[in-house]
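Trainee: I'd like to go through this model with you, one question at a time. Could you put it up for us?
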Amino acid sequence: MATSQVASTDASAAPSLWLERHGDYLYRYALFRLRDPASAEDAVQETLLAAFQAYEGFAGRGSERTWLTGILKHKIVDHFRRASRLTPASQLGDESLEHPELFRPAGNEWAEHWWDDKAPVDWKADPARLCEQAEFWEVFRACLSPLPERVASAFLLREVDGLESAEICEVFQITTNNLWVMLHRARAHLRRCLELNWFRPGLAKRLGR
Amino acid sequence: MGTGLYDKAIHAVRYFLLRRLPTCKQMAPVMSESLERPLTPRERVTLKLHLWVCAWCVWYLENLRTMHSALRARAAHEEEAADEVESAVKLSEEARERIRRALAR
């Protein structure tokens, strides 16, 4: 009797602390993927509510944060699923995201090959160090913003969360070929944008220019 | 003298390949898809040859891989690192209050 009472007070104490302990973390996690503060706040609220109701199921297995993250992941995918039902038109973005201006035009002797001064460069970057730099993620966020909603979301689900193609196609109601086009455009645009706004300035600084 | 001839021959082979192979613009989607699915044998050979003659596309593919690794690294360390790296990104007081009220209901 006494033990069950202790257990139940513990159980009711922990959830009230979740918002304080993990609220900002969950918000950052959601904001990075949803890119809209209001949607991210909603996702945090839905997550904590669901966690509240499912607390018995958690019962102290593993870390609280990991458990809450698992719930949030589902809420984020649900958000994308709802959003893509509301706008059923397939949003693939357009060819400008592939930056055709980086290639020599038709009629040039080397048509469709890179222009010398716009060609990709060696970034001399260490991914592990990049990921620790808040400024890099600011630039990254800014570079994502011109992408159509669905293109950016699909890219993040694939690259950050490593979701399988089939699952992403199901969430956004698109074919695998559509997904590949979207990923190619997202990558081409992000690559160019990061090169111009992060890597080239960084390389110049290191060379003392 | 011998190396000069050798260099010339290599140069000629590269020039020939660059003329005959798909263009950089055509290779870009293939490079992206190489991160998504196993390429067909034909695509694989074409890409290998193209990368042999085109240093720029080598960097292109390398850049895509760097972005991928940085994003995966972010995901792997998110739980511990997010509080330190982006401590400026926080729930607003209003949002916090709204969630608190929703939870109390």
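Trainee: How many residues does the contact take from chain B, and how many from chain A?

Mentor: Before we count, this is a predicted model, in which local features need pLDDT of at least 70 and side-chain atom pairs count only at pLDDT 80 or more, while totals for chains, interfaces and linings use all residues. Residues are numbered from 1 along each chain as its sequence is written, and chains are lettered from A and ligands numbered from 1 in the order in which they are written. Two residues are in contact if their C-beta atoms, placed from the backbone, lie within 7 Å. By that rule, the contact takes 40 residues from chain B and 47 residues from chain A.

Trainee: Which helix gives the largest share of the side of chain B that touches chain A?

Mentor: Helices here are DSSP runs (H or I, at least four residues), numbered from the N terminus. On that side of chain B, helix H2 (24-33), helix H4 (55-85) and helix H5 (93-104) each supply at least two residues. The largest share, 21 residues, comes from H4(B).

Trainee: Which chain B residues does A:Val44 touch?

Mentor: Leave out residues up to four places away in sequence. Within chain A, A:Val44 touches A:Gly23, A:Leu26, A:Tyr27 and A:Ala30. From chain B, the partners are B:Leu91 and B:Ile99.

Trainee: What do the buried residues of H8(A) pack against?

Mentor: In helix H8 (residues 165-172) of chain A, the buried ones are A:Ile168, A:Val171 and A:Phe172. They cover an arc of only 85° around the axis (taken from the directions from the helix axis to the C-beta atoms), which puts them on the same side of H8(A). They pack against helix H4 (64-86), helix H7 (149-159) and H9 of chain A.

Notes: A residue is buried if 20 or more other C-beta atoms lie within 10 Å of its own, exposed if 12 or fewer, and partly exposed in between; C-beta atoms are placed from the backbone.
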